[in-house]
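Here's a quick walk through the model, from the overall fold down to a few side chains. Have the structure open and follow along.

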Amino acid sequence: KGEPYERAMAYTYMGLVYLRRGDLDNARAALNLALLADRSSKGDKEEYRDDFALGHYLIGKTFLKLGEADNAQISFDKVKKYMPKNPFADPAQSRDSNFTLLVEMGCGPSKHPDPFVGTVDMIAVCKYPERYAEVWVDGTKLGRTAQVVDLNRQAKTSGHSQRDTAQAAKGVAVT
């Protein structure tokens with residue numbers, strides 16, 4: 001249950017657990033479920049139904065480990081499409097790396113009642129000024145992070161269902 005972006009993240013965490021265990025087939029399955037959850041965005045916002053770059057990035061890394069370079073390239077191309085400034089969306093660079101560090105920064109979206117209708121969940125976006133973290137190991141700067149997903153954007157672009165519309169109409173009628 002939950003919103004598409006919430007389900008996508010839950011499956012992403014499951015995929016990370018499988019990756020950590022070295023279970024690549026189940027990692028791929030969980031990450032595919034994350035992408036499927038994102039594709040279930042509600043309403044008519046077709047352009048947002050496959051924009052979960054973090055899922056594409058991690059499944060691309062998984063495809064590389066499985067020796068499926070063509071599938072990895074497709075995944076990394078989608079990362080480049082949705083996060084064009086991300087320098088890590090290069091399969092050659094990922095193929096040669098033996099370490100991936102994921103840093104969660106900021107705060108995620110939250111739901112609040114609509115102030116006028118009262119029954120519809122409104123997505124509240126949280127402000128967070130930092131855009132990257134610098135990574136240091138033993139006093140040596142290794143580089144900086146690059147954004148792979150913005151959950152606030154994912155929440156705002158998940159669309160509205162018929163249930164949401166019905167709730168809004170009911171709230172207006174009651175008001």
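## The chain as a whole

Of the 175 residues in the protein chain, 34% are buried (buried is under 20% relative accessible area, exposed over 50%, partly exposed in between, using a 1.4 Å probe and protein chains only). This is a predicted model, where local features need pLDDT of at least 70 and side-chain atom pairs count only at pLDDT 80 or more, while totals for chains, interfaces and linings use all residues. Residues are numbered from 1 along each chain as its sequence is written, and side-chain values use heavy atoms, with hydrogens and water left out.

The protein chain has seven helices and four strands, in the sequence pattern α-α-α-α-α-β-β-β-β-α-α. Helices (H or I, at least four residues) and strands (E, at least two) are DSSP runs, numbered from the N terminus. Taking contacts in the protein chain with a separation of 6 or more, 58% are between residues 24 or more positions apart; contact here means heavy atoms within 4.5 Å.

## The nonpolar core

The largest nonpolar core has 20 residues, and Phe52, Leu54 and Tyr57 have the most contacts inside it. By definition, such a core is a set of buried Ala, Val, Leu, Ile, Met, Phe, Trp, Tyr and Cys residues joined through side-chain atoms within 4.5 Å. Two or more residues each come from helix 1 (4–21), helix 2 (24–39), helix 3 (53–65) and helix 4 (69–82). Helix 3 gives the most, with seven residues.

Which residues does Leu54 contact, leaving aside its neighbours within four places in sequence? They are Met9, Thr12, Leu102, Val148 and Val149.

## Rings and a charge

The count of aromatic pairs comes to one. Rings of Phe, Tyr and Trp (its six-membered ring) pair if their centres lie within 6.5 Å; planes under 30 degrees apart count as stacked, over 60 as edge-to-face and the rest as tilted. The ring centres of Tyr57 and Phe76 are 5.8 Å apart and the planes sit at 85°, so this pair is edge-to-face. It links distant parts of the chain, with Tyr57 in helix 3 and Phe76 in helix 4, 19 residues apart. Both Tyr57 and Phe76 are buried.

Phe88, in the loop between helix 4 and helix 5, is partly exposed at 30% relative accessible area. Its contacts, not counting residues up to four places away in sequence, include Tyr57, Phe76 and Arg144. As for Arg144, its charged end sits over the ring of Tyr132, 3.4 Å from the ring centre (the rule: NZ of Lys or CZ of Arg within 6 Å of the ring centre and within 35 degrees of the ring normal).

## The largest pocket

There's about 1,300 Å³ of space in the largest pocket. On a 1 Å grid over the protein atoms alone, a pocket is an open set of points where a 1.4 Å probe fits, with protein on both sides within 12 Å along at least five of seven lines; lining residues have an atom within 4 Å of a point. The volume is the space filled by probe spheres set on the points.

The lining has 41 residues, with Val103, Thr145, Ala146, Gln147 and Val148 closest to the pocket centre. Elements giving two or more residues to the lining include helix 1, helix 3 and strand 4 (140–144).

## A loop residue

Asp138 lies in the loop between strand 3 and strand 4, and is exposed at 79% relative accessible area. Its phi is near 50°, a positive value in a residue other than glycine.
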